[in-house]
Each structure stands twice: as C-alpha cells, then as structure tokens.
Amino acid sequence: MSAIANLALQGTLLGGYYALLASGLSFLFGVMRIINLAHGSLAVVAGYALWFLAERLGIGPFVGILVVMPLMGLLGWILHRIIFERSMRAGDLVPILSTFGLATVADNVMFQKFGADTRSLAPYIDTFAYDSWQLPGDLYIGQLSVLVFGLAVVVLGGLHLLLARTSLGRQIRAAAEDPEAALLTGIDTRRIYGIATAIAVMTVALAGMALGMRATFDPYGGSQQLVFAFEAVVIGGAGSLWGTLVGGVVLGIAQSIGAQLNPQGFLIAGHAVFLVVLVARLYASDRLAGILRALRARTG
Amino acid sequence: MTMLRVEGLHAMHGLLPAVRGVSFDIAAGDTLALVGANGAGKTTLLRTLAGAHPATGGRIVFDGTDITGWPAHRRVREGLALVPEGRRLFPGMTVEDNLRLGATAGRAGTWTIDRVREAFPQLVRIWKAKAGHLSGGEQQATAIGRALMANPRVLLLDEISLGLSPKAVDGVYVSLQSLRDARTTTILVEQDLNRSLSFSDRVACMLEGRIVAEGRSAAMSRDEVMAHYFGVERAAAARDRA
C-alpha cells in the first residue's frame with residue numbers, strides 16, 4: 001500500500017517538473033499556434049546561463065534566476081522579431097522548420113562554448129538538492145520536488161490569471177482568436193505576440209533552473225526535454241493550461257510506474273501513455289466529427 | 001471641413017485590381033453610402049481605408065495626415081474604425097470582453113461601456129454570453145459597439161445587414177440613429193438601396209472598382225442609382241454614340 005502511495009506521490013511530483021517544462025510550449029501554441037521545437041534547447045540555454053553565473057561569478061541559482069529570467073524574456077522577444085514573426089507569415093510548416101533549425105544552432109553553440117561535459121546546478125544549492133520531508137506512512141518527499149511542483153502550479157495559474165483577468169491577457173486571447181480582427185480593433189498584434197513569446201521563454205528559464213537543480217544537462221540534452229514537454233502538452237490537450245498540469249502529472253506517474261516494473265520502463269511507459277492518448281484523441285475527434293456530420297445530415 | 005480624403009486609390013483583391021483609382025472626400029459629420037453590385041470593390045475599398053488591405057497606389061488623407069502606409073491598429077488609434085463584413089467578433093470571448101477590447105486604442109470620448117449598453121439595450125441581457133453563441137443581430141450590435149468603443153472620428157460600416165433577419169436589421173438601424181444624431185462621420189456599405197439613401201447624406205455608386213456617380217442622397221432617386229448599378233447608364237451612352 002505504502003509502495004503504491006509512494007509511486008503516486010513521486011510520480012505526481014515528477015509530473016510537476018514536466019508541467020513546468022511544458023507550460024511555455026503550451027502557452028505559445030495556444031496563443032500563436034507555433035510548435036516551438038527549440039523549447040527544450042532554450043531550457044538548456046537557461047541552465048547553462050545559471051551554471052555560468054554560479055560557477056564563474058559565484059551567484060547562486062536562486063539569485064541568478066532573477067537575472068536569467070529577464071534575459072530569457074528579452075531573448076524570446078528577439079526570437080519573435082527575427083524568427084517567429086517571419087516564419088509565421090510563410091505558412092504552418094515554416095515555424096516548425098525554423099525552430100528546428102534554431103534548436104540545432106543553439107545546441108551546437110552550447111557545445112562550442114561549454115564542451116561536452118555534463119553540468120548540474122545541484123552543487124550550488126547545498127543540501128537542498130536532496131533534503132526531504134518525512135510524511136506519515138514512511139513516505140519521503142524531496143523539498144526540491146515540492147518547490148518545482150509549486151512553481152509549476154504558480155506559473156500555470158499565473159498564466160491563466162493573466163489571460164482571464166488582465167487587459168493584456170484579453171488582447172493576447174483576441175490576437176490568438178482572430179489576428180486580423182484584433183488589428184482592426186486597435187490591437188498591435190506584433191507587440192502582443194512579442195510579449196507572449198517573451199513570457200513563454202521566461203517560463204522556460206524557470207524550467208531550465210528546475211532541470212539543472214534536480215538533474216544534469218549537456219549541450220544536446222534539449223531534444224529529450226522537448227519530447228517530455230511535448231508529451232505533457234498532448235496528453236493534457238494542446239493549448240489548455242490546466243490540461244498541461246494534468247498531462248505532466250499523468251506522464252510523471254506513468255514513468256514512475258514504468259520504472260518500477262522494469263529499469264528500462266521509465267521512458268517506454270511515458271511514450272506508451274502519450275501514444276495511447278494521442279490515438280484516442282484522434283479517434284475521438286474523428287468519431288465526434290462523424291456524429292456531428294450525421295446529425296447535421298438529419299436536421300439539414 | 002474635410003475629414004477623410006481619398007486620392008486615386010488602387011487596391012488588389014488577390015490578383016484582381018478591385019479598387020481602380022477611387023477618389024472622394026467626406027466632410028466631418030457626413031454619412032456617405034457606397035452602393036454597387038457584388039464585386040464592385042466596396043468591401044476592398046473599406047478594408048483598404050481601414051488598413052486591413054494594402055493600397056497599391058494613391059493616398060488616404062485622414063484629417064490632414066497621410067495614413068496610406070499605416071498599420072490598421074494605428075489608424076484605429078487615430079480614430080478610424082471599421083465594422084468588418086461578417087462582423088469578425090472574437091467568438092470565444094464574452095460580449096463584455098469584445099467591447100472592452102474595442103477600447104484598446106485608448107481614445108477618450110463619449111462612447112463608454114455604459115453608453116454602448118444604452119444605445120444597444122439588446123446587449124445587456126447577453127452581457128456575459130460568448131459572442132459565438134449570439135444571434136446575428138446581437139453579434140452585429142456587438143460588432144458596432146466594439147468599433148464605437150474606440151471613439152472613432154470616422155466609422156466604416158461594411159454590410160451590417162448581411163445575413164440578418166429584417167427585424168434584426170431594423171433593430172440595428174434604430175441603434176445607429178444615435179450615431180446620426182451625434183453627427184459621427186460614417187461610410188456605409190449597404191445592399192438595401194432604400195436604406196442606403198435614407199440613412200446617408202451623400203451616395204456614391206461603384207462599378208468595377210471605380211466611382212461612376214456621386215450625389216446628394218436626397219437628390220438621387222432610386223431609379224437613377226439603379227441605372228448605375230450594372231453600368232446601364234454607360235451602356236446606354238455607348239449605344240447612343242454608336
């Protein structure tokens with residue numbers, strides 16, 4: 001019993017990391033219909049930036065993130081201006097190709113600059129990397145895992161409030177629903193998209209910090225992180241923010257169960273759940289479309 | 001005083017020249033009705049004025065400023081607002097959100113949320129409903145309200161009765177009367193000729209991307225305008241010459 005509870009608990013906390021990682025991907029897709037294939041690489045970029053501050057300048061990651069987040073936001077704004085905006089005009093496929101190119105460039109620049117060594121932020125946060133709390137029933141939870149899960153909830157909740165409650169959020173939603181109508185309503189969609197990308201990449205900075213604190217990263221680690229983020233987004237429903245949290249948790253629990261069954265099962269179980277959900281979604285939307293068609297034929 | 005001056009304006013609809021050398025002036029406080037058959041270029045002309053469509057030639061001068069190359073949102077900020085054909089509301093957002101978005105341009109003026117609710121009382125009941133779930137008439141009222149929230153100095157109305165029931169059209173025009181009373185400069189594209197003539201001060205007939213006739217609405221009869229609709233006048237003139 002305790003083993004199952006532990007599995008669910010650790011899986012959920014792991015899912016918090018995936019949700020944090022996926023929030024920027026989900027937000028950007030929801031607002032601009034862009035699938036940013038450089039998402040994972042940007043998280044690694046943030047990880048290296050924090051590592052650089054800690055290693056060379058002695059600035060710990062918790063202080064460093066205050067510097068790295070705005071810088072990543074600025075990077076996001078620039079990326080929108082020079083890559084996303086142009087590629088969006090060229091059709092649906094071009095943003096995917098150009099962000100894939102961006103990921104490749106980012107990975108190789110990091111390799112050039114930092115070499116192939118595996119890095120981690122864990123050495124710069126004392127014992128916080130492995131400190132834990134004991135819960136009744138012989139359960140232990142890592143303090144870092146709880147922090148990351150909390151960050152995910154705060155980020156997703158914050159994005160939700162931003163969209164639902166603020167004037168900026170209203171403008172972002174309008175630009176997402178109908179860019180031309182938004183322009184005609186007086187909304188500077190170019191500015192709005194730039195801000196949305198900056199916000200998304202700022203959340204990536206937090207994900208990069210979480211990645212570096214709880215594990216290790218290397219220059220080519222971005223694609224693995226992208227896969228996790230993508231799976232969490234698809235399991236939770238593309239573009240839905242709270243769905244992203246659910247998707248992350250489902251992925252985390254699946255991986256934890258998989259790891260329990262077989263040492264190799266960690267990744268496979270996650271991929272399997274992703275595929276099952278993906279096929280089920282396609283099937284459901286197909287069936288739904290079929291039912292709607294039949295209804296329309298009958299009433300029309 | 002001239003509020004909007006259009007000089008030799010050209011615009012393409014895809015590969016087709018849809019607006020071909022259109023020139024006209026509209027004085028502050030006037031209402032100009034654009035009439036003409038489908039495909040005459042009325043909608044492309046309005047969209048070009050609003051900045052949703054690029055001009056390929058000519059000039060648009062708004063209250064003394066050349067705005068030909070300006071993006072649409074900047075024109076709204078200066079006070080030039082379009083109610084687009086097909087209404088183009090944000091369907092997943094509430095009526096209130098749609099209207100509040102209209103105020104994004106941040107122009108001060110007499111149009112506020114309260115005044116829109118007064119002018120379009122049918123919106124009060126559906127204030128929190130999603131715009132996509134409304135009837136055509138309610139959607140049109142929301143679309144006009146959204147444009148008014150920008151406190152425009154010139155309002156462009158494109159086919160506001162398209163797809164509405166006759167009763168809903170009446171409702172929309174009753175609400176528009178308050179615009180007329182406030183002497184808001186308006187350019188109106190409307191299929192219903194009688195309404196066009198009765199609602200406007202001046203009328204311009206478009207044919208194949210050009211303005212072929214223009215005059216005071218009170219002075220032009222329905223038959224006169226109809227004659228220009230499909231180029232009958234020109235055909236008759238050509239016959240006379242032959």
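A:Asp178, A:Glu180, B:Arg47 and B:Arg88 are linked in a network of salt bridges. A salt bridge is a side-chain nitrogen of Lys or Arg within 4 Å of a carboxyl oxygen of Asp or Glu. The model is predicted, so local features need pLDDT of at least 70 and side-chain atom pairs count only at pLDDT 80 or more, while totals for chains, interfaces and linings use all residues. Residues are numbered from 1 along each chain as its sequence is written, chains are lettered from A in the order in which they are written, and side-chain values use heavy atoms, without hydrogens and water.

Look at one pair in the network. The side chains of A:Asp178 and B:Arg88 meet at 2.8 Å, N to O. A:Asp178 lies in the loop between H6 and H7 of chain A, and B:Arg88 in the loop between strand E6 and H3 of chain B, so the pair joins two chains. Helices (H or I, at least four residues) and strands (E, at least two) are DSSP runs, numbered from the N terminus. A:Asp178 is buried, at 12% relative accessible area. B:Arg88 is partly exposed, at 26%. Buried means under 20%, exposed over 50%, and partly exposed in between (1.4 Å probe, protein chains only).

The whole structure holds 20 salt bridges over all chains. One of them lies within chain B, where B:Glu138 meets B:Arg125 at 3.2 Å, N to O. B:Glu138 sits in helix H5 and B:Arg125 in the loop between H4 and H5, so the pair ties together parts 13 residues apart in sequence. B:Glu138 is buried, at 14%. B:Arg125 is exposed, at 67%.

Now turn to helix H3 of chain B, residues 95-102. Of its 8 residues, 7 are buried. Among them are B:Val95, B:Leu99 and B:Leu101. Their cover includes helix H6 of chain A, together with helices H4 and H5 of chain B.

Finally, chain A has a helix pair. The axes of H2 (residues 39-57) and H4 (residues 93-114) come within 9 Å and cross at roughly 25 degrees. Axes are lines fitted to C-alpha atoms, for helices over the stretch in contact, and angles run from 0 to 180 degrees between N-to-C directions. H2(A) and H4(A) are therefore roughly parallel, a label for angles under 35 degrees. Residues of H2(A), including A:Tyr48 and A:Trp51, meet residues of H4(A), including A:Ala103 and A:Met110. Contact means heavy atoms within 4.5 Å.

Key
Parallel < 35°, antiparallel > 145°, perpendicular 65-115°, else oblique.
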